[in-house]
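Here is a short report for a reader new to this structure. Look over the sequence and the model, then read on.

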Amino acid sequence: MRLSDLMKATNSFSKNNIIGSGRTGTMYKAVLEDGSSLMVKRLQDSQRSEKEFLSEMATLGSVKHRNLVPLLGFCMAKQERLLVYKHMANGTLYDNLHPANDGGKPMEWSLRLKIAIGAARGFAWLHHNCNPRIIHRNISSKCILLDAEFEPKISDFGLARLMNPVDTHLSTFVNGEFGDLGYVAPEYARTLVATPKGDVYSFGTVLLELVTGEKPTHVAKAPETFKGNLVEWVSQLSKSGQLQDAIDKSLVGKGVDSELFQFLKVACNCVLPEVAKERPTMIEVYQFLRAIGERYHFTIEDEILMPSDTGDADYIEELIVARYG
């Protein structure tokens, strides 16, 4: 796609058109001359050659799933690397969960659960069924976008390989207002190696956001003396036998308390800090959430292929690390 067309559609990458921003770049809303909307991702400095970039685009263009944001095209012009995606009418999960005006109506539980199940299905597909299998490496509630029906669509998958290798280091997670630090698995600080279980930890933080209504790095309900992040707050409540207090009060007492607590336990298992191997796989997370939401009939004919046994799952993880670690 031509740079001039994308410049015009984004009003020269106007700040007013920014949908979201993160380590891989900035996403803009773009409006074409015929009135149709797209999203344009303007990548941070990518150190890949044109040949490497084209190769990655061929791979990403073939990665299609109902819970991934469709990549429609791309643009290379001088140092610019732009990706063009289908527009998602309801923006990011983060903005829906944490509206800028505090007077916003809290999201209903059934919608939160639907989004969690759909996102888990997409991540499980990336980890277990996609070819090549992909570790996301930058999961947050900002990379989960919502279409007109609030069906979750994952963005930024596969982009980690397009970035400068330096961008994989811990300093890039400290991203000010975007708070990516709250999603990073603790073992990453020691190893600087991305793993599937690191993705599970990050998604577990998103699940905690969904069930508590709190932000990943600032817990409004916590005492003023508490200086930790969301995972640390929930862990503290769990150790003192007060885990129930973590649940968003707007959801309690509406006949779904059992579902809320089951969901919270799944999230807690995803963010086990000490031994990453004890966290569930992404496909197990999807199964757990799907079971909780069974009565809502959210799920469709399932396209997730189950690993035949634990050994197969371990082999799959080795493949992912070899390709994307």
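## Overall make-up

Of the 325 residues in the protein, 51% are buried. The model is a predicted one. It holds 10 helices and seven strands. Take the contacts in the protein with a separation of 6 or more: residues 24 or more positions apart account for 64% of them.

## The nonpolar cores

In soluble globular proteins, nonpolar side chains tend to be buried together. Here, the largest nonpolar core has 75 residues. The residues with the most contacts inside this core are F123, F203, L207, F263 and L289. Helix α4, residues 109-128, gives the most to the core, with 11 residues.

Another core lies apart from the largest one. This other core has 11 residues, including L6, A9, Y28 and A77.

## Helix α9 and its cover

Helix α9 spans residues 282-292. Its buried residues are M282, I283, V285, Y286, L289 and I292. An α-helix has 3.6 residues a turn, so residues three or four places apart point the same way. What covers the buried residues of α9? The cover includes α4, α6 (196-212) and α8.

L289 shows this in detail. Neighbours within four places in sequence are left aside here. L289 is then in contact with L113, A116, I117, A120, F203, L207, F263 and V266.

## Rings and charges

How many aromatic pairs does the structure hold? There are four. One of them joins W109 and F263. The ring centres of W109 and F263 are 5.1 Å apart and the planes stand at 85°, so this pair is edge-to-face. The pair links distant parts of the chain. W109 belongs to helix α4 and F263 to helix α8 (residues 257-270), 154 residues apart.

The charged end of R81 sits over the ring of F53, 5.3 Å from the ring centre. K142 lies over the face of Y94, at 3.6 Å from the centre of that ring.

Strand β1 covers residues 18-22 and strand β2 covers residues 25-31. The two pair in the antiparallel sense over four bridges. G22 has G25 of β2 as its bridge partner. S21 has T26 of β2 as its bridge partner. The two strands form a hairpin, with two residues between them.

Strand β2 also pairs with strand β3, residues 37-43. This pairing is antiparallel too, over seven bridges. A30 has L38 of β3 as its bridge partner. β2 and β3 form a hairpin with five residues between them. In that turn, G35 has a positive phi of about 90°.

Is β2 enclosed or open, judged by its buried residues? Five of its seven residues are buried, so β2 is largely enclosed by the rest of the structure.

## Cysteines

A disulfide is a covalent bond between the sulfur atoms of two cysteines. How many disulfides does a search of the whole structure find? The search finds zero. Two cysteines can still be placed by their accessibility. C75 counts as buried, at 2% relative accessibility. C143 also counts as buried, at 3% relative accessibility.

Terms used: Residues numbered from 1 in each chain as written. Predicted model: local features only at pLDDT ≥ 70, side-chain atom pairs only at ≥ 80, totals over all residues. Heavy atoms only, no water. Disulfide = S-S within 2.5 Å. Buried < 20%, exposed > 50% of the residue type's maximum accessible area, 1.4 Å probe, protein only. Core = buried A, V, L, I, M, F, W, Y, C linked by side-chain atoms within 4.5 Å. Contact = heavy atoms within 4.5 Å. Pairing = 2+ DSSP bridges. Phe/Tyr/Trp six-rings, centres within 6.5 Å; stacked < 30°, edge-to-face > 60°. Lys NZ or Arg CZ within 6 Å of the ring centre and 35° of its normal.
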